[in-house]
Amino acid sequence: MISPLIRTQKIRKAYQSEVETVWAARDVDFEARPGEFVCIYGASGSGKSTLLNLLAGLDLADSGEIQVSGVDVATADEKQRAQLRLETVGVVFQDHNLIDEFTAVENVALPLEARGTSADAARTEAADQLRRVGLAGLEDRLPRQLSGGQRQRVGVARALTGNRAVLLADEPTGALDSAATLELFTLFRALCDEGITAVICSHDPRCRDYADTRYEIIDGRLEARS
Ligand SMILES: Nc1ncnc2c1ncn2[C@@H]1O[C@H](COP(=O)(O)OP(=O)(O)OP(=O)(O)O)[C@@H](O)[C@H]1O
């Protein structure tokens with residue numbers, strides 16, 4: 001049995017308003033193994049983004065344990081959590097968040113240069129990552145010269161640079177048409193088959209067809225689905 005790369009135990013996160021407590025994560029137990037494609041779905045406001053943000057160390061839980069690749073995210077300080085994102089966990093959002101003035105290869109090289117990789121080596125690896133996501137030949141295009149689906153692929157390539165093993169994506173196909181959506185799910189499947197662990201939150205029910213494991217979130221509670 002392969003050990004989980006991500007494991008959470010009883011994570012809780014609540015927001016208190018004047019009138020009520022909103023549970024964004026309620027006793028969430030979750031595991032993902034190397035190479036696993038996990039699809040998480042649920043109604044708007046159910047807690048999908050909260051869970052991804054907690055796994056990425058972008059937000060802190062009120063209580064519970066979160067282990068990602070041996071790092072205790074719940075107790076790590078801000079610097080250690082930033083290090084985890086630089087080395088292990090890549091995040092992709094609905095909006096690609098690329099730098100408009102940078103070419104595809106420059107956008108992907110950025111996190112490598114942030115890690116101290118030389119400009120030449122960063123560019124070589126960035127070009128390799130772009131090839132991996134099916135964008136060979138488009139390295140020197142600016143984001144506005146790419147389709148929405150291609151821009152998301154650049155975001156995926158950037159998230160995976162530097163050998164990062166975990167990909168977290170929050171509604172990555174929210175701005176894509178139907179064909180580009182399926183292409184992106186197909187890419188996630190291929191990456192997981194190469195050993196990447198992907199946790200994808202998606203409203204699109206077709207995501208479930210590509211995943212190994214499915215969960216629904218209902219009011220912050222994570223429930224396994226077949
Ligand atoms: N900073 C905050 N302050 C107060 N409430 C918040 C905050 N962030 C999230 N919430 C609440 O926590 C709940 C879960 O939010 P979350 O963004 O995780 O849901 P989601 O499933 O990702 O929704 P969507 O599909 O609309 O993106 C919601 O009820 C939301 O209003």
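Where is Gln-145 found? Gln-145 sits in the loop between α4 (119-132) and α5 (148-160), the helices (H or I, at least four residues) and strands (E, at least two) being DSSP runs numbered from the N terminus. The structure described here is a predicted model, in which local features need pLDDT of at least 70 and side-chain atom pairs count only at pLDDT 80 or more, while totals for chains, interfaces and linings use all residues. Residues are numbered from 1 along each chain as its sequence is written. Gln-145 counts as exposed because it has 12 C-beta neighbours inside 10 Å; a residue is buried if 20 or more other C-beta atoms lie within 10 Å of its own, exposed if 12 or fewer, and partly exposed in between, with C-beta atoms placed from the backbone. Thr-103 is 42 residues from Gln-145 along the chain, and the C-alpha atoms of the two are separated by 9.4 Å.

We turn next to the sheets. Strand β1 (residues 6-16) and β2 run antiparallel and are joined by eight bridges, and Arg-7 has Glu-31 as its bridge partner in β2. Axes are lines fitted to C-alpha atoms, for helices over the stretch in contact, and angles run from 0 to 180 degrees between N-to-C directions.

Strand β2 also holds Asp-27, which has a positive phi of about 55° although it is not a glycine. Most residues other than glycine have a negative phi. Asp-27 is partly exposed, with 15 other C-beta atoms within 10 Å.

A further open sheet has six strands in the order β6-β7-β8-β3-β9-β10, and its pairing is mixed. Here β6 (89-92) and β10 are the edge strands, each pairing on one side only, and the twist averages 20° from one strand to the next. Five bridges join β3 to β9, and these strands run parallel; Ile-40 stands opposite Tyr-215 in β9. Strand β9 (residues 213-218) is also joined by five bridges to strand β10 (residues 221-225), this time antiparallel. Tyr-215 has Ala-224 as its bridge partner in β10, and Ile-218 has Arg-221. The hairpin of β9 and β10 has two residues between the strands, and in it Asp-219 takes a positive phi near 45°.

Helix α5 lies across β6 and β7 (166-170), running at about 165° to β6, whereas helix α6 (residues 178-193) lies across β3 (37-42), β7 and β8 (197-201), at about 155° to β8. In the loop between α5 and β7 is Asn-163, whose phi is near 65°, a positive value in a residue other than glycine. Asn-163 is exposed, with 8 other C-beta atoms within 10 Å.

What of the interior? The largest nonpolar core has 63 residues, a core being a set of buried Ala, Val, Leu, Ile, Met, Phe, Trp, Tyr and Cys residues joined through C-beta atoms within 7 Å. Those with the most contacts inside this core are Val-38, Leu-55, Leu-167, Leu-168 and Ala-198. Leaving aside residues up to four places away in sequence, Leu-167 touches Gly-90, Val-92, Val-156, Ala-159, Leu-160, Leu-191, Ile-196 and Ala-198. In soluble globular proteins, nonpolar side chains tend to be buried together.

Around the ligand are Tyr-15, Val-22, Ala-24, Gly-42, Ser-44, Gly-45, Ser-46, Gly-47, Lys-48, Ser-49 and Thr-50, a residue being near a molecule or strand if its C-beta atom, placed from the backbone, lies within 6 Å of it. This shell divides into three nonpolar, seven polar and one charged residue; Ala, Val, Leu, Ile, Met, Phe, Trp, Tyr, Cys and Pro count as nonpolar, Asp, Glu, Lys and Arg as charged, and the others, Gly among them, as polar. Both β2 (21-32) and α1 (48-55) supply at least two residues of the shell, and α1 gives the largest share, three residues.

Key: Two residues are in contact if their C-beta atoms, placed from the backbone, lie within 7 Å. Two strands pair if DSSP finds at least two bridges between them.
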